[in-house]
Protein chains: 4
Amino acid sequence: MKANKQNNWKEKLHEIIYEADTPAGKLFDIILLLLIITSIILVMLESVEEFAAKYIDFLNAAEWVITVLFTIEYIARITVVTQPKKYIFSFYGVVDLLSTIPKYLSFFILGSHSLIAFRALRLMRVFRILKLARYVGESNNLIKALRASRAKIAVFVFFVLIVCVILGAVMYIVESGQDSGFTSIPRSVYWAIVTLTTVGYGDIAPATALGQLISSIIMIIGYGVIAIPTGIVSVEYSKNYKENTQTIKKPTVKQIRTNTQTCSNCLETDHDNDANFCKTCGNNLH
Amino acid sequence: MKANKQNNWKEKLHEIIYEADTPAGKLFDIILLLLIITSIILVMLESVEEFAAKYIDFLNAAEWVITVLFTIEYIARITVVTQPKKYIFSFYGVVDLLSTIPKYLSFFILGSHSLIAFRALRLMRVFRILKLARYVGESNNLIKALRASRAKIAVFVFFVLIVCVILGAVMYIVESGQDSGFTSIPRSVYWAIVTLTTVGYGDIAPATALGQLISSIIMIIGYGVIAIPTGIVSVEYSKNYKENTQTIKKPTVKQIRTNTQTCSNCLETDHDNDANFCKTCGNNLH
Amino acid sequence: MKANKQNNWKEKLHEIIYEADTPAGKLFDIILLLLIITSIILVMLESVEEFAAKYIDFLNAAEWVITVLFTIEYIARITVVTQPKKYIFSFYGVVDLLSTIPKYLSFFILGSHSLIAFRALRLMRVFRILKLARYVGESNNLIKALRASRAKIAVFVFFVLIVCVILGAVMYIVESGQDSGFTSIPRSVYWAIVTLTTVGYGDIAPATALGQLISSIIMIIGYGVIAIPTGIVSVEYSKNYKENTQTIKKPTVKQIRTNTQTCSNCLETDHDNDANFCKTCGNNLH
Amino acid sequence: MKANKQNNWKEKLHEIIYEADTPAGKLFDIILLLLIITSIILVMLESVEEFAAKYIDFLNAAEWVITVLFTIEYIARITVVTQPKKYIFSFYGVVDLLSTIPKYLSFFILGSHSLIAFRALRLMRVFRILKLARYVGESNNLIKALRASRAKIAVFVFFVLIVCVILGAVMYIVESGQDSGFTSIPRSVYWAIVTLTTVGYGDIAPATALGQLISSIIMIIGYGVIAIPTGIVSVEYSKNYKENTQTIKKPTVKQIRTNTQTCSNCLETDHDNDANFCKTCGNNLH
């Protein structure tokens with residue numbers, strides 16, 4: 001009986017931490033979201049030297065508070081899951097761990113600058129909470145359009161890369177001997193990408209007449225070519241849009257899943273709204 | 001009888017100042033538009049040092065003329081409205097006040113540079129007059145398409161921002177120790193936005209090979225991704241266009257409001273063409 | 001009879017110079033096109049100092065040859081037209097004159113640098129010959145789409161300009177006191193346009209944290225907003241395309257004019273293929 | 001009988017080298033692809049001075065290995081074809097030769113820097129293998145859309161170029177006497193292209209107020225005009241897409257060729273899937 005009670009307690013906590021269908025679950029997600037954003041702002045401020053020098057004590061204290069809260073959350077996440085290993089070695093499990101430990105590591109590795117990378121990783125956690133936005137429907141068509149055009153955009157990007165390597169090699173030869181920054185082929189390829197995407201930093205820019213002529217041709221090509229991905233996505237998006245409008249009119253079998261049920265055993269999330277058991281491991285979802 | 005006459009005079013002035021359906025009302029709007037544009041040009045010229053030094057007396061005199069004219073207009077606007085408080089604390093009421101007082105304030109705050117901000121605010125007043133352009137129908141579809149895609153573009157912008165923060169943190173670590181401008185994470189995030197939007201100032205540019213490699217990847221992504229808002233707006237706009245073409249063919253209940261009636265009591269503006277009374281406060285519109 | 005013969009001679013020359021339906025007319029246009037392009041290349045080369053210093057005699061001689069040829073053409077154009085004044089004061093008449101006289105003027109105005117502007121004007125003449133391209137049909141839809149979206153793009157550009165002025169004023173105040181190039185509001189507005197159109201020279205770039213924050217917001221807005229003209233043109237172009245496809249299927253009254261008939265009296269050019277008399281002045285076209 | 005056997009051996013090798021329908025043919029293509037990419041990476045690394053200085057021996061050895069392998073492949077390609085001359089003087093034949101000989105030439109031309117250009121040519125060979133991607137169908141619509149819009153984009157690019165030359169000449173006059181980089185008309189035209197395509201290096205940027213005003217106008221025009229190629233490609237692509245969807249529904253005569261048959265006599269590649277003889281020279285394909 002006691003085991004059942006404890007189980008019950010675990011189940012409730014699981015619902016709060018992993019799902020967002022109950023008020024408590026929503027509140028937990030909102031608090032976590034604010035905490036993540038706060039921690040990211042702190043990381044950013046800490047990198048500003050003047051600020052860090054002034055408020056070092058405050059930043060240190062705040063970092064400890066966040067680390068402790070993340071530690072509690074991490075332990076809670078492990079506790080309420082029936083197969084802790086599955087969580088620990090899942091993508092979000094690793095992200096959670098890496099975004100918690102930097103402050104502990106700073107005891108051993110003094111003043112380690114690169115720990116900041118792990119702390120910035122915390123932003124990845126935002127996606128877990130925002131994953132729910134997927135169900136809003138707004139961005140649904142967008143994701144479909146992107147997925148449908150993925151292969152075409154990949155072909156396009158691949159082609160652009162080949163063109164950039166060839167142009168980079170040509171410009172390297174044309175501009176060699178000049179003090180215009182084309183010191184190696186990889187740098188020239190970098191310049192070709194900067195130019196073709198119309199970013200144009202200007203840190204490397206052609207100095208010879210021939211180099212400027214070739215650049216002009218590249219830019220005009222880039223100008224005409226930038227239209228292609230736009231065309232692809234527009235058409236795919238337009239197509240998805242029409243299909244969706246048609247399916248809304250007729251009754252449809254395909255159901256949009258709006259729940260946030262998460263199996264406490266295998267962490268599977270994509271369940272039907274009326275599902276009672278996990279479709280992957282058969283675990284009871286309620 | 002006298003009160004009625006005075007009321008009548010007020011009503012006429014109200015029609016001239018707030019509406020644009022009569023010739024006098026149109027003339028008033030055009031003069032006001034020219035006055036606003038003149039005042040903005042003067043503000044711009046005053047900021048050019050060489051010019052300001054030469055023509056200081058002319059600029060000072062012109063500024064006084066404009067201030068006096070704006071003051072008269074402001075007082076007139078208060079007088080003709082039955083509920084002056086409602087106007088004074090409305091958005092345009094505050095803008096009108098703020099764009100009038102800077103010259104008066106310059107008596108107390110000598111040489112205050114930041115007063116120029118209030119004077120530039122005058123440009124906001126242009127929108128009140130151009131509000132009428134809304135009825136032209138030209139920009140109607142455009143606004144609808146933008147409103148319909150608002151949510152999607154917001155999701156997109158939010159996603160781009162998260163990507164920029166992560167990339168900024170990565171570049172901060174990669175380029176640390178170099179003299180390439182990545183001195184803090186906020187600056188690196190600023191650089192990521194400059195790059196992803198293909199602006200590319202070049203004030204901050206990667207110096208290491210790894211930094212340039214990451215930049216190249218960002219640019220190629222940005223190149224593919226720039227297609228998305230275009231796709232969204234195109235599809236929404238195309239959809240609105242089709243709907244509009246269809247509604248023109250059939251008789252439709254939805255009526256486009258082409259009048260500029262403004263209630264002299266509550267300043268409500270969105271009235272039907274054949275409305276006799278304000279739909280919000282019941283005040284007689286004629 | 002002699003008058004008739006001479007008239008006949010004039011008519012033939014008129015056909016050669018102004019029209020392109022006969023082999024001689026086509027040949028004349030091609031020679032003129034080559035001559036214009038050659039003269040433009042010479043102007044460009046003359047502006048390159050190293051080149052000009054070396055080949056000054058060659059450039060001078062070539063310029064004289066071109067000037068003489070253009071003079072002959074100009075006189076011929078006046079001769080064959082029945083109303084010379086109409087030609088002389090037409091747009092292309094003025095362009096022809098201005099692109100011929102610079103070399104003659106150089107006698108009076110020694111070493112005048114700005115005469116180069118008149119010589120560059122010659123490029124405008126290319127449009128007269130390329131006007132025929134209008135009949136090719138390729139660019140027909142494109143021009144229609146652009147004309148149809150003209151009003152909308154004007155509204156859009158106007159709105160962008162207002163935003164740039166407001167942003168310029170804000171940045172001028174924010175960045176004042178910094179050595180970042182925001183020395184006056186007009187310069188700041190210039191910067192805002194450079195940024196919003198994603199050109200991003202980097203000659204003026206924000207140095208303060210607040211300035212960089214505002215810039216980032218501008219860029220993100222510009223990124224979302226760049227979609228709008230694309231959407232407009234795409235939809236208009238797509239619409240024109242569909243209409244054209246439909247009219248091709250059914251017999252249609254609207255006829256595409258493929259001739260280059262030019263009235264020798266009033267220089268009207270837009271005649272039906274089977275027209276015998278000028279639709280504007282009634283002059284015989286043959 | 002022996003001749004037949006040898007022929008058989010040649011035929012098999014031909015199938016392996018020129019086609020990709022058999023497992024051996026696919027393997028050959030993949031190995032060749034890796035070899036080309038490796039050789040390109042080596043060329044790129046060799047151009048990085050620090051790297052080249054350290055690993056000169058390794059790079060030299062690797063280049064020899066690749067040269068030998070390419071030589072063997074080149075000889076094999078000549079051997080298995082019945083008309084070697086046709087291959088040698090074909091586009092890919094020339095590319096193959098030029099990408100093989102640089103190392104041999106380095107004996108005669110010591111330290112020749114420009115040989116790197118020939119070695120970079122190797123990347124062109126990638127297209128031969130990727131040519132097969134054409135049959136994947138993914139990029140099929142894309143290529144069709146581009147081909148269909150080719151003429152329109154050419155008209156557009158030509159128009160942009162004329163505008164750039166005129167603007168370049170204007171800016172050259174406006175900015176003359178300034179130290180802002182507009183030293184000749186060709187350079188100013190280069191700047192106009194850099195600006196209109198929104199690349200914006202900043203190596204040349206207007207310094208005068210008038211120059212900045214003209215630049216602003218150019219940028220706003222460029223901003224509106226960038227929409228045009230996008231519109232063209234989108235519409236063409238959308239049109240192709242619809243046509244394809246319709247042809248898939250109905251049975252169609254037009255067949256998509258998915259084989260990689262290459263005639264061993266005349267190197268023709270575009271054969272029907274069930275073709276037994278070359279459609280150009282009548283040679284047996286099996």
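At what angle do helix H2 (residues 23-47) of chain A and helix H4 (residues 56-80) of chain A pack, and how far apart are their axes? In this predicted model, the angle between H2(A) and H4(A) is about 145°, and the two axes lie 11 Å apart. The crossing of this pair is left-handed.

The residues that form this contact can be listed helix by helix. H2(A) contributes A:Phe28, A:Leu32, A:Leu35, A:Ile36, A:Ser39, A:Leu42 and A:Glu46, while H4(A) contributes A:Phe58, A:Leu59, A:Ala62, A:Ile66, A:Leu69, A:Phe70, A:Glu73 and A:Arg77. Sorted by class, the contact of H2(A) with H4(A) comprises 11 nonpolar residues, one polar residue and three charged residues.

An unreviewed UniProt entry lists residues 27-46, 58-81, 153-174 and 213-235 of chain A under "transmembrane region". In the model, residues 27-46 of chain A are 100% helix and 0% strand, with 28 Å between the end C-alpha atoms. Residues 58-81 of chain A are 96% helix and 0% strand, and here the end C-alpha atoms are separated by 35 Å.

Helix H2 (residues 23-47) of chain D and helix H4 (residues 56-80) of chain D cross at roughly 145°, and their axes come within 11 Å. The crossing of H2(D) and H4(D) is left-handed. On H2(D) the contact involves D:Phe28, D:Leu32, D:Leu35, D:Ile36, D:Ser39, D:Leu42 and D:Glu46; on H4(D) it involves D:Phe58, D:Leu59, D:Ala62, D:Ile66, D:Leu69, D:Phe70, D:Glu73 and D:Arg77. The class counts for H2(D) with H4(D) are 11 nonpolar, one polar and three charged.

We turn next to the relations between chains. Chain B is laid on chain A by a turn of 90° with a shift of 0.0 Å along the axis, giving an RMSD of 0.1 Å. The two copies use different surfaces, in that 16% of the contact residues of chain B recur in chain A. Their contact draws 43 residues from chain B and 44 residues from chain A. Between chain B and chain A about 3800 Å² is buried, and carbon and sulfur atoms account for 76% of that area. On the chain B side, B:Met219, B:Ile220 and B:Tyr223 supply 19% of the area buried against chain A, more than any other three residues.

About 3800 Å² is buried between chain C and chain B, with 76% on carbon and sulfur atoms. In chain C, the residues that lose the most area to chain B are C:Met219, C:Ile220 and C:Tyr223, together 19% of what that side buries.

Terms used. Residues are numbered from 1 along each chain as its sequence is written. Chains are lettered from A and ligands numbered from 1 in the order in which they are written. This is a predicted model: local features need pLDDT of at least 70, side-chain atom pairs count only at pLDDT 80 or more; totals for chains, interfaces and linings use all residues. Side-chain values use heavy atoms; hydrogens and water are left out. UniProt positions are given in the numbering used here, feature names are shortened, and annotations may be inferred rather than shown by experiment. Helices (H or I, at least four residues) and strands (E, at least two) are DSSP runs, numbered from the N terminus. Axes are lines fitted to C-alpha atoms, for helices over the stretch in contact, and angles run from 0 to 180 degrees between N-to-C directions. A crossing is left-handed if the near helix is turned anticlockwise from the far one by less than a right angle, and right-handed if clockwise. Contact means heavy atoms within 4.5 Å. Ala, Val, Leu, Ile, Met, Phe, Trp, Tyr, Cys and Pro count as nonpolar, Asp, Glu, Lys and Arg as charged, and the others, Gly among them, as polar. Buried area is the accessible area (1.4 Å probe) that two parts lose on being put together, summed over both. Copies are superposed by least squares on the C-alpha atoms of residues with pLDDT of at least 70 in both.
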